[in-house]
Amino acid sequence: MRVTSNMQNQSLFNSVNTNQALMSILQMQLASGHKVNSASDNPGAIPSIMDSNMMLNRIETYQSNITFLTGETEVTDGILGQISDKIQRMRDLTIDAANATNSPDQLKMINDEMQQIKEHLVSLANTKYQNSYIFAGNKTQT
């Protein structure tokens, strides 16, 4: 078989085109950061890619839930600490009020403070975290 210069040129032209196509694919992979950019790049890898994407979405959801619950727990813990302090103060006031030596003015002051504490406890019980009431059970919007 005789090799002509036209055959050599055609072979060279085909090699250049093939190399350009491969370079284009590699540049696309480099630019996107993904080895597989479309299903036709590697059909066999699609199921594992989809599984990985599903797992990443689950992990993101778990992380979001953990962040939310951590914040809610911290707020709840702080509120419960305040409630405990207020209840202790109410206990102390009750013991003071039971003392028979208190004047009517002293009893009125104790009653006034008890009313203030009660109002504060109600406001603490109605605390919201990210637009949901903390102590509302499963009716967090009311």
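1. A definition comes first: a residue is buried under 20% relative accessible area, exposed over 50%, and partly exposed in between. Asp92, with a relative accessible area of 29%, is therefore partly exposed. The model is predicted, which bears on every point in this note.

2. Asp92 has a charged partner. Its side chain meets that of Arg91 in a salt bridge, at 3.9 Å from N to O. The cut-off for such a pair is 4 Å, so the contact counts. Arg91 is partly exposed as well, because its relative accessibility is 48%.

3. How many salt bridges does the structure hold? It holds 3. Side chains of opposite charge can pair when their charged atoms come close. The Arg91 and Asp92 contact is one of them. The others are taken up in the next two points.

4. Glu113 and Arg89 form a salt bridge through their side chains, at 2.8 Å from N to O. Glu113 belongs to helix 3 and Arg89 to helix 2, so this pair ties together parts that are 24 residues apart in sequence. Glu113 has a relative accessible area of 25%, so it is partly exposed. Arg89 is also partly exposed, at 34%.

5. Asp112 pairs with Lys108 in a salt bridge; their closest N and O atoms are 3.3 Å apart. Both residues sit in helix 3, 4 residues apart, or about one turn of the helix. Asp112 is partly exposed, because its relative accessible area is 34%.

6. Now the helix pair. Two packed helices are described by the angle between their axes and the distance between the axes. Helix 2 and helix 3 (residues 104–125) pack at an angle of about 160 degrees. Their axes are 10 Å apart. Angles over 145 degrees count as roughly antiparallel, so helix 2 and helix 3 are roughly antiparallel to each other. The crossing of helix 2 past helix 3 is left-handed.

7. Which residues form a nonpolar patch on the surface? They are Met55, Leu56, Ile59, Tyr62 and Ile66. Together they have about 510 Å² of accessible area. Ile66 lies in helix 2, which spans residues 46–97. Ile66 counts as exposed because its relative accessibility is 53%.

8. Two backbone angles deserve a look. Gln130 has a phi near 50 degrees, a positive value in a residue other than glycine. Asn131 has a phi near 65 degrees, again positive in a residue other than glycine. Gln130 is placed in the loop between strand 1 (128–129) and strand 2 (132–133). Asn131 is found in the loop between strand 1 and strand 2. Is Gln130 buried or exposed? Gln130 is exposed, because its relative accessibility is 54%. Asn131 is exposed too, at 60%.

9. Last, the separations around helix 1. Val3 lies in the segment before helix 1 (5–32). At 54% relative accessibility, it counts as exposed. From Val3 to Gly33 is 30 residues in sequence and 43 Å in space, C-alpha to C-alpha. Ala39 sits in the loop between helix 1 and helix 2. Its relative accessible area is 47%, so Ala39 is partly exposed. Ala39 and Ser5 are 34 residues apart in sequence, and their C-alpha atoms are 40 Å apart in space.

Key:
Residues are numbered from 1 along each chain as its sequence is written. This is a predicted model: local features need pLDDT of at least 70, side-chain atom pairs count only at pLDDT 80 or more; totals for chains, interfaces and linings use all residues. Side-chain values use heavy atoms; hydrogens and water are left out. Patches are made of residues with over 30% relative accessible area and no salt bridge: like charges are joined within 9 Å, nonpolar side chains (Val, Leu, Ile, Met, Phe, Trp, Tyr) within 5 Å. Accessible areas come from the Shrake-Rupley method with a 1.4 Å probe; for residues, only the protein chains shown count as cover. Buried means under 20% relative accessible area, exposed over 50%, partly exposed in between (1.4 Å probe, protein chains only). Axes are lines fitted to C-alpha atoms, for helices over the stretch in contact, and angles run from 0 to 180 degrees between N-to-C directions. Angles under 35 degrees count as roughly parallel, over 145 as roughly antiparallel, 65 to 115 as roughly perpendicular and the rest as oblique. A crossing is left-handed if the near helix is turned anticlockwise from the far one by less than a right angle, and right-handed if clockwise.
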